[in-house]
Amino acid sequence: MGDVQNNLRQVQAAIRQAREQQADLIVFPELVLAGYPPEDLLFRPDFLAQMQAGVETLAAETAGITVIVGVPLRRGAVLQNMACVLRDGQILAEYSKQCLPNYRVFDEKRYFTPGTQSLVVDVAGVKVGILICEDIWEDAPAQAAVAAGADVLCVLNASPFSYDKQAQRAALLQRQASSNQCPLAYVNLVGGQDELVFDGDSMLLDAAGNIVFRAKAFAAGVFVEEWDITTSPVGATGRSPLPSLSDITPVIYQALTTGIRDYVHKNGFSSVLLGLSGGIDSALVLALAVDALGAENVEAVMMPFHYTSGMSLEDAQQQAAWLGVRYRNIPIASIYDSFTASLAPEFGERPVDVTEQNLQARIRGVLLMSLSNKLGSLLLSTSNKSESAVGYATLYGDMAGAFSPLKDVYKLQVYALAEYRNTLGQAIPQRVIERPPSAELAPGQVDQDSLPPYAVLDAILRRFIEGDEVLEDIIASGFDAATVRRVVNLVLLSEYKRRQAAPGVRISGRGFGKDWRYPITSAWRKNLPFNPPKE
């Protein structure tokens, strides 16, 4: 994001590779020179000046090849999300995105003015219609381009990953190609940007809607294909099998490792550390971090207390040894005793409660942040989406960190991802996966003392957070009324915590971040439309 000169160099190198392979046309993703989404960088005239200069520089690289590149440009009084067509040193034409998304993580209407005209250009005797991302999700822009004479459609995209997006995307593109009887090239961005991860998944379709080429997900590269659009539509016969997306867990795992790697490296870090508790969440984060960054760049810190079980100590040490990471053991009992002694006069005769549990978590947070500062390693937090949703995490304690890989991963998905990782090689001790989850902040504590079973909790959360379902509908689907009201109440009460949480990889249709904007101060939860019977 904003690394204009490096982005420019990558585009120039790709043009050279395509030319060497005798390509007629190379298509780049949406806003590739800027990065996506540029957000309020788009308000800066110096940033936009770099965009214009970048396009002019690229035009000089286009001898003998047509280049379509995405870039934000100001034309007159308006800023537009554009695709520039370059060839033989010239800017031949410009297309402005017509459909501006303004939902979930997208807020393009804050910045851009929509275009109103189709663009069809000649490339090696073929008439190419150009669209940008959201344009293909509506019917009118594609239909207008075909009506204007397009033989093929080229779509530039910055379409972020979610675990249902790839199937939706493929079905949409197949429908658009077949309904318009027009071959279609879909080109998507690759890589992590803050909470978003872009999965690539670029593809070519023939006029019947058959996918005849599909790039490997999460793989950046220059993919050169012969695309015969002058004959009758052909399917994928004779080609290697297309990548299967039937099991989404491995794809989610790729999204998470991509998000970690890019967040760490793009923010100038090379190493990370995390608190390893012997539980499932931190165990999965450790495996993800090792796969993303290499074991030599990952450090695990165990911080035992009186309630830390021997099993947790053994499993944490075993996992660290399996994965080959540096392992530190820093007991916190003496630090806790010092804190409680200092606070005793202020607490007086008040009974022990959750305060003392949170103190343990906050001591660990202080130790981890101190190590992060001293060692120059970025701290990963380990809370999952189920816990964050209902506030089952300690502010300034286990929520401490610069990046939260599991922020958008429900607890049941954590288990699925852990099981999947173990199919790739020994990584997470099996009893970490099988034992009842516990914060180990009190004797005999398990999560289910405070929360509904995760199968119930996750199902309610999905309906309320991602489905925006009303309470009556959630209850009517078979859930206990009191449980639903309690869960929803906890979600709304915990907004102040989530607002202070680290960013993390977004993998769902609605993560806690840019596309979750509930007010902290709100009486709405007191007036929810359903009142359960008194217990």
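Contact is taken here to mean heavy atoms within 4.5 Å. The structure is a predicted model, in which local features need pLDDT of at least 70 and side-chain atom pairs count only at pLDDT 80 or more, while totals for chains, interfaces and linings use all residues. Residues are numbered from 1 along each chain as its sequence is written, and side-chain values use heavy atoms, with hydrogens and water left out.

Leaving out residues up to four places away in sequence, Asp 199 touches Ser 159, Pro 160, Phe 161, Gln 166, Arg 169, Asn 188, Leu 189, Val 190, Ala 217 and Phe 218. Asp 199 belongs to strand 10 (residues 196–199); helices (H or I, at least four residues) and strands (E, at least two) are DSSP runs, numbered from the N terminus. With a relative accessibility of 0%, Asp 199 counts as buried, where buried means under 20% relative accessible area, exposed over 50%, and partly exposed in between (1.4 Å probe, protein chains only). The Asp 199 side chain makes a polar contact with the side chain of Gln 166 (2.9 Å), and another with the side chain of Arg 169 (2.9 Å). A polar contact is a pair of N or O atoms within 3.5 Å; within protein, one must be able to donate a hydrogen and the other to accept it, and residues adjacent in sequence count only if both atoms are side-chain atoms.

Ser 159 sits in the loop between strand 7 (152–157) and helix 5 (165–180) and is buried, at 3% relative accessibility. Beyond its neighbours within four places in sequence, Ser 159 is in contact with Cys 133, Lys 165, Arg 169, Tyr 186, Asn 188, Phe 198 and Asp 199.

Four strands form an open sheet with mixed pairing, in the order 1-2-3-4; two strands pair if DSSP finds at least two bridges between them. Strand 1 (25–27) and strand 4 (90–96) are at the edges with a single partner strand each, so one side of each is left without a neighbour in the sheet. From one strand to the next, the twist averages 35 degrees. Helix 2 (residues 45–59) packs on this sheet, touching strand 2 (66–75), strand 3 and strand 4, and its direction makes about 155 degrees with that of strand 2. Here axes are lines fitted to C-alpha atoms, for helices over the stretch in contact, and angles run from 0 to 180 degrees between N-to-C directions.

Strand by strand, the pairing reads as follows. Strand 1 and strand 2 run parallel and are joined by three bridges, with Ile 26 opposite Val 67 of strand 2. Strand 2 and strand 3 are antiparallel over ten bridges, and Val 69 has Cys 84 of strand 3 as its bridge partner. In the hairpin of these strands, with two residues between them, Gly 76 takes a positive phi near 70 degrees. Strand 3 (residues 78–87) pairs with strand 4 in the antiparallel sense over six bridges, and Cys 84 is partnered by Glu 94 in strand 4. Eight of the ten residues of strand 2 are buried, so this strand is largely enclosed by the rest of the structure.

The largest nonpolar core has 73 residues, and those with the most contacts inside it are Leu 286, Val 325, Val 390, Ile 428, Leu 461 and Ile 507. Such a core is a set of buried Ala, Val, Leu, Ile, Met, Phe, Trp, Tyr and Cys residues joined through side-chain atoms within 4.5 Å. Helix 7 (residues 280–293) supplies the largest share of this core, eleven residues. Apart from this core lies another, of 40 residues, among them Cys 154, Leu 172, Val 187 and Ala 215.
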